[in-house]
Every structure is written in structure tokens, then in C-alpha cells.
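I opened this entry to keep track of what I looked up, in the order I looked.

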Amino acid sequence: MANMNDILSGLDGLAALPQTVLRITSMLSGGKASASDLEQAARNDEALTLTILRWANSVAFGRPGCSFTLRQSIARLGNSTMMRIVLEQKTSAMFAGAGAAYGLQRGALWRSAVGGAITAEALARRANFDGPDLAFLCALLRDIGKLAFDAYYGPEYLGLVERHVRPDRTFVGAERAAFGFDHAQLGAELAARWRLPERIAECITFHHNPPETAPAHDVLFDIVHAADIIGLWAGLAIGCDGMQYKLAEHVRVGLDLSRPVAEELIACTWDKLRQTESIMDQTVPQRASA
Amino acid sequence: MASSAPSYSKTEVEGKLVVGVGDLVVSRDPEALLVTYALGSCIGVTVYDPIAKVGGLLHFMLPSADLNKEKAAANPAMFGDSGIPLLFKSCYDLGAVKGRLIVCAAGGAEVLADDGHFKIGSRNRTLIRKIFWKNNILIAGDETGGTNSRTLSMRMADGTSIVRTQGSERVLWPT
């Protein structure tokens, strides 16, 4: 059986994290994103420019039909929304063709990544967490370990893990029984190789098992974990792993999650996700041909 | 010819009419295969009139439109109590007759150790039973609950409804 190093070393087929995402990650870890950096990222990318223009001129931003230049659009959207748009678009190619290992349709992993990110941002704002953009980014990248398993094993993955699935065992438990590590641990190792900040790599490690007590406890991990579970309820990327995951009790209590809150988040996430998909379907060539 | 209610994510892939999450499709095209993927706690409902050869598939997420009336008005297929009536009405509009409709359902799974705090899948299961019981409609075939992801499909030529999960497949109707 391959170890983590075998898998990550053999990943020629897995696209590297785009430089733009690395820059934004670094900006987020160090404080606020710079508008000029975001504008620079957009200027060199025709599809991204189109997406930004469509967002700025959409109903969501209040004055449909008005025509804004790129610079006006960036100012109009604000740094936080701009960053979200750039991240969504720049990671779409990475996630687009993946998912066969988990029995997912094309595009489902990207939809899950973005849907989870939208939910995490909303949870962060609800919890007054100082860093909703960071929560968005961490949730967006939480399942990069699935990308790695997918790229290395492809459809063979399912045969390796399914014999370890038990009714009372989480799917990450089945992965650990099959491979000695799970997709969260593999994703964290990939994040470290991409030189992402340690807190982001840890968030990926703990997105299914957030630590309950100090010093390891971090509200960011709780938020991303809860967003992942809410994503399951929302029907995002439910593949061969089904619903074999658990919401940590301390997260339910700590974030004051209840059924009505979860249902409202599910409905809101889908609204935003559809809006994102609608705009990207018109502006990102590889999505149109998917 | 396929026809659909307001649709957000329906796509046609290799002859399949793919019904997205919170969406429904109705059809009277005998060549069509309606399919919906990734049913977790969501529920997929198929209806089929074998005489008119009209049918539809709904994939709803949450039980009650009371959660948000505005969202339910914009997208009734998101909720069971607004999506199911719309599914039936859309089939009637294409010539289906209530007394002949064959109904199947799949989905309504739960995450592990929910401990009764959320029960999203269970509430969806309760909702369909309540609606169909109140309207004197029997569910001809169903596979709900558990923790697995399911794919539900229906062949418009004869209404055959099939649920697939973890590599296995079961015909819900005809039984």
C-alpha cells in the first residue's frame, strides 16, 4: 500500500495550487488583502475579468444594467468579495475533473468546496469570528486530500476502502484502516508541500476531528468542521463516503448550532452557490464544456 | 419531448435528464431517463403515469417551506411540502391522472450519531409519509434512511425506478 509520500510524489496529474491563490493565502494570513494585488491578478486573466464584471453588474450588487469598468467593479465589490471570486475561479480548474475515486460526478468536488466555503464564511460571521475570509479559504481547501487520493488511485480507490467501511465507523476511520491515514491528513501534508501557512494545514487536518480542548482548540477548525457537515446535509459532494461523518458535540454547542440554523444555512448556501455557478458557467470556458 | 418546471441545475448528459439538488423535471419523452445523484439527507421522489407515460422526478433538500417563504416562492423544489405538490401538478399538466400515479422515493439518510439534534433526513422521511398519507397515495417502492449516498433514476418508457447505492442497484418499481 502506498504511503503519503508515494501518493504526493506521484502526483504529476494534480495541478499545483495557482500562484494567485498562494498570494491571497499569504495576504489572509498576514492581515488584509491588497486591492492592487487583486486587481493585478484579475488583469492577467480574461475569464476572471469577465466574472468580476458580471458580479459587479449583477442583481446581487444592486444596479443591474449599469456598466462598470474593471477598476470600478473591483471597488464596487470590495476586497472580501473580490477575494472570494478570485479563489473560486482559480481553484475551479484544480477541482473540475476530480472526484471519480469518491464516486462523484464531474464538478461535484468544486461545488462542495465552494458550498462549504460559503457556509464557513456565514458561520464565521454568525459566531463573530475575526476572519471570515480565512474561514472561506480553509473550507475551500479542506478536501484537497480527496484530490490527491483521486489523482493517485482513481476509481481503484473505492475497492481499497470499501471493505473497511462499517456502519458505526466514520469514513475517515475507514480510510485510516485502509491506508494508514485519511484524506484530511493527506490534504494537510499536501498543503505543507504547497507551503501554505501552518494554521491552514492544521485546519485541513482537523476538518473532521476538531480538537476540543486548549491549546489545540481553534474556533476556525470548529467552523470549517461544521461547514463540512452542513454541506453534507445540503447534498454537496455526497459520494461513496455517504453521510459517514459525525458533527463533534463541542462544535454543536460552541457554535450554538440548531436544526433551524442549519436549515437556514443550507438554503442560503444553495442560493449563493447557484449565483456563483450561473456567473461562472458564462465566463469560465472549462465549466461550459463540462 | 421533455418538459420541466422552473429548473436551476437540470442538464442533459448522454441522454439522461439530470435533476439537480432542489430541482424537479417532468417529461413525457419515452426515450428519456431521469436521474438524480448524491441523495444524502435529501429525498428523491419519482411519479409515473403508465397510461399517459408522463412522469417526473423531484430532489428536495428540506421538509418545510415555512423556513423561508421567499426562497420557497423562488424555488419550490427546494422544500418537500412545496416541491411535491408542484411535481404532481406539473405531471397533471402533461396529462397524468392522480389515481394512476406510481410513486417511489429514496434518500433521507443521516450523518452518524446525530443524537436527535438535527434529524434532517428523518424529518424529510416523515414529511413524505405525511403528505402521501394525507392525500391517500401509496408509496410503491422506497429506500430511505441509513447513511449511504443514493442515485435515483426513472426510465420514462415504462416508469422503471431504480436506486443505486455503494455499487449495488435495486428496482423500486415494478416490484
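My notes on the chain contact, a helix and some backbone details follow.

**Ground rules.** I am working with a predicted model, in which local features need pLDDT of at least 70 and side-chain atom pairs count only at pLDDT 80 or more, while totals for chains, interfaces and linings use all residues. Residues are numbered from 1 along each chain as its sequence is written, and chains are lettered from A and ligands numbered from 1 in the order in which they are written.

**The contact.** Elements here are DSSP runs numbered from the N terminus: helices are H or I with at least four residues, strands are E with at least two.

**A helix in chain A.** I then checked α6(A), residues 108–126. Its 19 residues reach 26 Å from first C-alpha to last, close to the 27 Å expected at 1.5 Å a residue (the expected span is 1.5 Å times one less than the number of residues). Is this helix mostly covered or mostly open? Mostly covered: 17 of the 19 residues in α6(A) are buried. Buried means 20 or more other C-beta atoms within 10 Å of a residue's own, exposed means 12 or fewer, and partly exposed is in between, with C-beta atoms placed from the backbone. After α6(A) comes A:N128, with a positive phi near 55 degrees.

**Positive phi elsewhere.** A:R195 is not a glycine, yet has a positive phi of about 65 degrees. I found A:R195 in the loop between α11 (183–193) and α12 of chain A, and it counts as exposed because it has 11 C-beta neighbours inside 10 Å. B:A113 sits in the loop between β8 (102–107) and α3 (120–134) of chain B, and its 13 C-beta neighbours inside 10 Å make it partly exposed.

**Cis peptide bonds.** I logged A:A214 to A:P215, cis with omega near 5 degrees; A:P215 is in the loop between α12 (198–205) and α13 of chain A. I also logged B:W173 to B:P174, cis with omega near 0 degrees, where B:P174 lies in the segment after β12 (168–173) of chain B.
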